[in-house]
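Please find below a colleague's note on the model under review.

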Amino acid sequence: MEVGKKHIHVLTDSYEIWQRHFVRKIPKGQRSRAEAAVSSGTDSGSDDEIEQEEGEEQEEMDSSNPITSASNVLPWVFEPILEDPRSVMYPSIKPKLRCGELQYNDSSVDTSLIWILFTKYFPIAFAEECIIPQTNLAAELDDEWTSPLTIGEFLTFLGAICFMICYPLGGSRRRYWHWMGDEIFPAANLGRFIQWRRFELICKYLTLGNNGLPNDKLRYWREWLLAVKTCFQCALIPGRNIILDESMIRNKNFKAADCVIYIRRKPEPWGHELWTVVDKESGICTNFELNEGKEITRQLKYFAEFGATTATTLRLLEPYFESHRLVFIDSWFQSVKTATELKRRGLDSLGVVKTAHKNYPREDLEARCMNEAGAVASAHVNILDDNVVLHAVQWRSSSHHKLTLLSTASSSAPAGTPYIRPCGKEIPRPDIVELWYDSYGAVDAFNHCKVGGGATSKRPHTLHRS
């Protein structure tokens, strides 16, 4: 085939892109070998020398740290751990409210259980000191703003918002002031509680705060988020098992709030991403952090020392250091480095390992785990300096599905109950797998409850290119 000028330009551009994205990541001493391999059409060594997985941060290697050193290979011993020392060392901890036993009477709103719990999780003091004065200040020049906003009217406004979330009608909000309801559960006319025009004015001038920093894209939201986060941290003392995962707050209004992102794999992909800590037994959120993007994340605590995922995990779990709780971690958070740093700070962990498999014996476990349902392969390593025992397990529920776990707790002894497949077949499983399946669903339950199932009841969205 005759090569024209168009083909030559395509080849030249491809070579320049390869140099810009890959050659610059290779040490200078290896660049000539890589370029020579491309020109000759041969492979220039392993893929790890040239490419990095998408989304991973390039870490600086420290030869003195056994977890971050590239030349170090952990001495994994491929034998099962048949006893979990945590069941003997640490007693069970039950979650409890910090306010103690609640005295309530549902015959009155002021003494009802719902109102008492609302006051524990909603920062009413912040609303009185910050939100209401700043909202009145923002609306003082409007002629329709005939009376200042009060705390009672503000709570009525919040009640109308909650009613709209529980009973979505679609269309304009004004329908809630004209629709009397003709279904089995008819909705009330909100005009009995707050006028429609007054409601719209509060929506227009509502101000949650302003820290005065022009470069902070959350300057109108940061003080409010901190107040809500403090309430969640102070309301409940979590039990022995806590869970760390991601949650989405649905929001497609890019003008009203920043940090609206798109995550393709989520059932509701548009919104705010929260990293949340949830108590396993109660399913109540006890801590959270908003994903503000890479630039802000690089400036936060622990990032310079441990990178993005481990730093985020340590910040979220910092209130529970030295409590000897067991943390169930998603694959985005879990790694050998994360498990080691949590154990050094008095927390055990159990999580799935997928892409963050550095220093993890993934290939050796796959070689030892037979390709059949119920097969198990185990390994453990003892990091002597800090007396940290890491336990790696791979288990197959079928010949084509495997679960790869990393833990500093539990054991690989046979579990008391088998895994039951949809067809009804019972598959034997180790204790660590049983513990994972029985405990990790608390975050999903929290996601369903926080918006009445709205953000998690939809099917996952996918992009289709035309």
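1. Overall content. The model is a predicted one. Its chain contains 16 helices and 13 strands. Of the 466 residues in the chain, 42% are buried. Taking contacts between residues at least 6 apart in sequence, 58% join residues at least 24 apart.

2. Geometry of H6 and H9. Two packed helices are described by the angle between their axes and the distance between the axes. For helix H6 (residues 124-139) and helix H9 (residues 222-235), the axes come within 11 Å and cross at roughly 175°. H6 is therefore roughly antiparallel to H9, because angles over 145 degrees count as such.

3. Residues at the H6 contact with H9. On the H6 side, Phe126, Cys130 and Ile131 take part, and they meet Glu223, Trp224 and Ala227 of H9. Sorted by class, this contact has five nonpolar residues, one charged residue and no polar residues.

4. Setting of Glu434. Glu434 lies in helix H15, which spans residues 431-439. Leaving aside residues up to four places away in sequence, Glu434 touches Ala415, Gly416, Thr417 and Arg429.

5. Which side chain of opposite charge is nearest to Glu434? That side chain is Arg429, 4.3 Å away. A salt bridge requires a side-chain nitrogen of Lys or Arg within 4 Å of a carboxyl oxygen of Asp or Glu. Glu434 is buried yet has no salt bridge, although Arg429 is among the residues that Glu434 touches.

Note on methods: Residues numbered from 1 in each chain as written. Predicted model: local features only at pLDDT ≥ 70, side-chain atom pairs only at ≥ 80, totals over all residues. Heavy atoms only, no water. Axes fitted to C-alpha atoms, helices over the stretch in contact; angles between N-to-C directions. Helix = DSSP H or I, 4+ residues; strand = E, 2+ residues; numbered from the N terminus. Parallel < 35°, antiparallel > 145°, perpendicular 65-115°, else oblique. Contact = heavy atoms within 4.5 Å. Nonpolar A, V, L, I, M, F, W, Y, C, P; charged D, E, K, R; others polar. Buried < 20%, exposed > 50% of the residue type's maximum accessible area, 1.4 Å probe, protein only. Lys, Arg positive; Asp, Glu negative; His and termini not counted.
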